[in-house]
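Welcome, and please open the structure in your viewer. We will go from one selection to the next and look at what is there.

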Amino acid sequence: MIPPLLLDVKPQHRVLDMCAAPGSKTFQLLEMLHARAEERDEGSLPTGVVVANDASLQRANLLTHQTKRSNSPALIVTNHQAQKFPTLYPTENAAGSSKREPYRFDRILADVPCSGDGTLRKSPDLWKKWTPASGVDLHTLQLEIASHAARLLKVGGRLVYSTCSLNPLEDEAVVASVLLGPGGERFEIVDGFMDDAGLQKMRRREGVRTWGVCEHA
């Protein structure tokens with residue numbers, strides 16, 4: 001439940017949840033969008049939108065079922081591979097503009113597929129199939145999703161990358177690759193915990209700076 005809180009969603013924001021199913025984090029984002037609109041006396045409806053995407057059609061249907069309880073008009077559910085989520089364009093050019101500018105998002109949550117080794121205590125069955133190679137196998141997909149999210153982000157926006165894994169190959173290595181890759185100099189790491197007084201008190205550690213990589217066929 002922590003990643004959506006780090007996005008610091010405002011009622012006017014365009015928010016993209018790239019790997020949204022089954023929908024608990026999407027529900028949080030919608031709640032934040034509506035709650036903060038009410039706090040600002042902007043009426044009951046926000047001017048922003050949450051686009052909830054998932055690569056699986058079956059999971060996207062589950063996502064629709066889970067989020068329809070919110071009865072929010074600010075929700076759009078899509079079914080695309082996150083790393084290939086299409087660049088959207090408005091139907092009309094902005095006033096005085098000779099070309100259509102792509103539709104960018106103020107906030108993006110990339111809660112990517114992962115080995116899930118951070119959930120071993122509550123999911124003991126994972127021990128039977130987990131191997132040190134699990135993080136290596138998913139690193140490429142995770143990096144593709146994170147890199148594409150960076151391309152879809154508006155200037156001044158915020159991207160939160162998260163996993164249920166403690167493996168640095170799925171976490172720090174992905175973030176480092178984005179920052180060192182093309183256009184990475186336009187991004188900086190921020191301490192999202194400082195946006196919320198409650199989160200400031202949360203026990204946490206800085207990311208590691210070195211990690212080992214297992215060898216596997």
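A polar contact here is a pair of N or O atoms within 3.5 Å, one able to donate a hydrogen and the other to accept it. Keep in mind as you look around that this is a predicted model.

**Stop one: threonine 163.** Select threonine 163, in the loop that runs between β5 (153-162) and α6 (172-180). Is threonine 163 buried or exposed? Its relative accessibility is 18%, so threonine 163 counts as buried, the cut-off being under 20%.

Now show its side chain. Which side chain does threonine 163 join in a polar contact? The partner is aspartate 171, at 2.6 Å. A polar atom of the threonine 163 side chain also lies 3.0 Å from the backbone nitrogen of serine 165. Next, display the contacts of threonine 163 beyond four places in sequence: you will find Asp111, Val112, Cys114, Glu170 and Asp171.

**Stop two: α6.** Move on to α6 and select Ala173, Val174 and Val178, which are buried. These residues cover an arc of only 135 degrees around the axis, so they sit on the same side of α6.

**Stop three: glutamate 188.** Finally, select glutamate 188, in the loop between α6 and α7 (197-200). With 66% relative accessibility, glutamate 188 counts as exposed. Then pick arginine 158 as well: it is 30 residues from glutamate 188 in sequence, and the C-alpha to C-alpha distance between the two is 9.8 Å.

Technical notes
Residues numbered from 1 in each chain as written. Predicted model: local features only at pLDDT ≥ 70, side-chain atom pairs only at ≥ 80, totals over all residues. Heavy atoms only, no water. Helix = DSSP H or I, 4+ residues; strand = E, 2+ residues; numbered from the N terminus. Buried < 20%, exposed > 50% of the residue type's maximum accessible area, 1.4 Å probe, protein only. Contact = heavy atoms within 4.5 Å. Arc of directions from axis to C-beta.
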